[in-house]
Amino acid sequence: YRVTLNQNQNIEDEEEQTRLLNACHQRCADRTLKVLEKNGSIFIKLGQHLSAMNYLLPLEWTTTFIPLQDKCPVSSYEFIEEMFLQDTGEEISDYFSEFARLPIGAASLAQVHLATIKETGQKVAVKVQHPALAEWANLDLALTRFSFSTLKRFFPDYDLEWLSNEMEYSLPQELDFALEGQNALRAKEYFSHIPELPLVIPDVIWAKKRILVMENVSGHRPDDLEFLDSNGIDRDEVSAALARIFNEMIFGTNAPLHCDPHGGNIAIRKNNKRRGANFDVVLYDHGLYRDIPIELRRSYAKLWLAVLDTDEPRMRKYAKEVAGVSDEQFPLFASAITGRDYRILTQSVAIARSEEEKKNISDALGEGMLQQLVQMLGQVPRIILLILKTNDLTRSLDENLHTRQGPVRTFLILARYCSRTVFEERVEDLKSKGSLFWPRNLLGLLSAWLGYIRVEAKLELFELGLSIKRLTGMA
C-alpha cells in the first residue's frame, strides 16, 4: 500500500490513481483470502466479519471475502468420529443409522452432516465443530490481536483492535453449541407468536458443547434468483419478509437479535401451504445473539424516524443517545448506520443507491474518511457494532435480490417498526401518569396513535399499489 500511495503522489491523472489503488486493493485482498483460508477456523470467521464491512472496507475486499460465508475447509470424517466418541461416550453408529461421511456445508467453526436417528428414523442435520478448533482457538485469537496491534503500530490511524476485542468476546459464545441450541429455541418460541412472518427455525433435538443435532430443513440461498424466479417466488415479497423478520428482532420487545444473517445462514424454500406467501425463510446458525437494551432500542427507533423524516437536528440528538457520537462525527456515523452518502440523507434515504453514490462513498474512503470511521467505530458501544453488522448484512441481502421497487418498501417497513416502538413507549409513559382515560392522557394517546397509523397507512397503500400492479401485469 505504501508503494502504491507513494507512486500515486507522482501521478496527476485521477483516473490512473484510482485504477492503481483499486488494483492494489484487489491484490492485497486476494493474498489475504489465501492466508485466511490456509489458516482456517477463527481466521475464516475474521474474514466473514470483514466481508460484512461494506461501510468500512473497499469493495475489492468485501466481495473477495464473500466465499468465506459458506465455502470453508472441511474436517475429515475420522476426526469427527473421534470427537463424537469423546463428547458423547458413544460411536456415531450407536445413535445414527445413517450418517453422511461428507458434509453438506462447511463454515469457519463447524460443518453440517445429514443423518438419520436410529431410534426414531427422523432425518436430521448434525452440526459438528471442527475438532482442532478448541486446541488452537486461544492461539489464533492471540495472533489476531497481535496482527491488529502491529497494524496500529505501523498505521496509527487504522486502529482495528476493537475488532479483535469483539472476536474475543463473541467467539466463546459461538463455540458453545449448547448455548446456540438455547438461542434457537428462544427465537423459535418468540416468533411462534407472530405466525404471519414466514420464518422457520429448525427444531433442536439435542445439543452438547461441540455437537448440535437439529431438524433437517433445507432451502436455497436468498441470492439464488434462478430458484426464486423458476418457482414463482416474488423477490419483492422475500425482501419484505426479511425486512420484517430482522426489524422485529431489533425493535420487538424482548426479541433476540441474530447478529450474523449473511447469505450462508439464510435459506428460502417453497411452501405453497403457507398463507400470505408461497415460501419460508429458514434461519440457521444461532451462535451469535444479543439483547438490545430497551432504552437503546427506543432511541435507535427515534434515530431512524428522524433519518426517514430527513430531520437533521433530531438525527444528531438520537445519534448521540445511541452511540455517543459528537456533532463532528455525526455525518460519518449516519453514513455508517444507513450505508448511504450523508448528502443523500438530507434528501431521502429511500432513494435507490446510484452508481455515482457508491463511487462517492468509495472515493471518500480513500480521502481520509476511512481513518475517521475506524477511530469512531473504536469508540461506540459493542452492541452498536453488532447492529451495524446486522444492518449491513441485511442490506446486502436485499440488494442482491434486485427487487423491482428498490429500497422504498423496506424503509416503509422499518418506519412501521420504529413507529410501533415509539408508540409503545408513549403508552407506557402515559400509563405511568395515571389512567389512559383521563382527558390529558387520552389526548396524548390519540396523538401517539395517529402518528403510528400515519406510517401504517403509507405502507398499506404502497403494498396495495404493488398488489394492483401484479394483478394487472404492470409489475
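**Reading a predicted model: loops, buried histidines and crossed helices**

Modeller: Asn254 sits in the loop between H11 and strand S8 (257–258). The model is predicted.

Colleague: Why is Asn254 called exposed?

Modeller: Its relative accessible area is 58%. Exposed means over 50%. So Asn254 is exposed.

Colleague: Which phi does Asp285 have?

Modeller: A positive one, about 55 degrees, and Asp285 is not a glycine either. Asp285 is in the loop between strand S10 (279–283) and strand S11 (289–290).

Colleague: Which side chain reaches the backbone oxygen of Asp285?

Modeller: That of His258, at 2.7 Å. The His258 side chain also reaches the backbone nitrogen of Asp260, at 3.1 Å.

Colleague: Is His258 buried or exposed?

Modeller: Buried. Its relative accessibility is 0%, and buried means under 20%. His258 lies in strand S8. Beyond four places in sequence, its contacts include Phe246 and Met249, Leu283 to one side of the list, and Thr390.

Colleague: Why does His113 count as buried?

Modeller: Again the value is 0% relative accessibility, against a limit of under 20%. So His113 is buried. It belongs to strand S3 (residues 110–117).

Colleague: What does the side chain of His113 reach?

Modeller: The backbone oxygen of Ala100, at 2.8 Å. Ala100 is also one of the residues that His113 touches beyond four places in sequence. Others among them are Ile80, Phe99, Pro103 and Val128.

Colleague: Why is Tyr95 called partly exposed?

Modeller: Its relative accessible area is 22%. Buried needs under 20%, exposed needs over 50%. The value falls in between, so Tyr95 is partly exposed. Tyr95 is in helix H6 (residues 92–95).

Colleague: What joins the side chains of Tyr95 and Trp206?

Modeller: A polar contact of 2.7 Å. Tyr95 also touches Thr116, Ile117, Lys118 and Ile205.

Colleague: How far is Tyr95 from Ile384?

Modeller: Their C-alpha atoms are separated by 43 Å. Along the chain, they are 289 residues apart.

Colleague: What makes Met167 buried?

Modeller: Its 3% relative accessibility. That is under the 20% limit, so Met167 counts as buried. Met167 lies in helix H8 (residues 161–174). Its contacts beyond four places in sequence include Ile42, Leu46, His49 and Leu141.

Colleague: Which residues touch the most other members of the largest nonpolar core?

Modeller: Phe251, Val281, Tyr300, Phe333 and Ile384, out of 110 residues. Helix H11 (residues 235–251) gives the largest share, 10 residues. Apart from this core lies another of 15 residues, among them Tyr77, Ile80, Ile117 and Val213.

Colleague: What is Tyr300 in contact with?

Modeller: Leaving aside neighbours within four places in sequence, Ile250, Phe251, Val322, Ile337, Ile387 and Asn391.

Colleague: Why is H12 called roughly perpendicular to H14?

Modeller: Helix H12 (residues 294–308) and helix H14 (residues 330–338) pack at about 95 degrees, axes 12 Å apart. Roughly perpendicular covers 65 to 115 degrees. So H12 is roughly perpendicular to H14. Tyr300, Leu303, Trp304 and Val307 of H12 meet Phe333, Ile337 and Thr338 of H14. This contact has six nonpolar residues, one polar and no charged.

Colleague: What makes H13 roughly perpendicular to H14?

Modeller: Helix H13 (residues 312–323) packs on H14 at about 80 degrees, with axes 10 Å apart. That value is inside 65 to 115 degrees, so the label is roughly perpendicular. H13 contributes Glu312, Met315, Arg316, Ala319, Val322 and Ala323. H14 contributes Phe330, Pro331 and Phe333.

Colleague: How many charged residues are in the contact of H13 with H14?

Modeller: Two, beside seven nonpolar and no polar. Asp, Glu, Lys and Arg count as charged. Glu312 and Arg316 are among the H13 residues of this contact, so they are the charged ones.

How values were computed. Residues numbered from 1 in each chain as written. Predicted model: local features only at pLDDT ≥ 70, side-chain atom pairs only at ≥ 80, totals over all residues. Heavy atoms only, no water. Core = buried A, V, L, I, M, F, W, Y, C linked by side-chain atoms within 4.5 Å. Buried < 20%, exposed > 50% of the residue type's maximum accessible area, 1.4 Å probe, protein only. Helix = DSSP H or I, 4+ residues; strand = E, 2+ residues; numbered from the N terminus. Contact = heavy atoms within 4.5 Å. Polar contact = N/O pair within 3.5 Å; in protein donor to acceptor, adjacent residues only side chain to side chain. Axes fitted to C-alpha atoms, helices over the stretch in contact; angles between N-to-C directions. Parallel < 35°, antiparallel > 145°, perpendicular 65-115°, else oblique.
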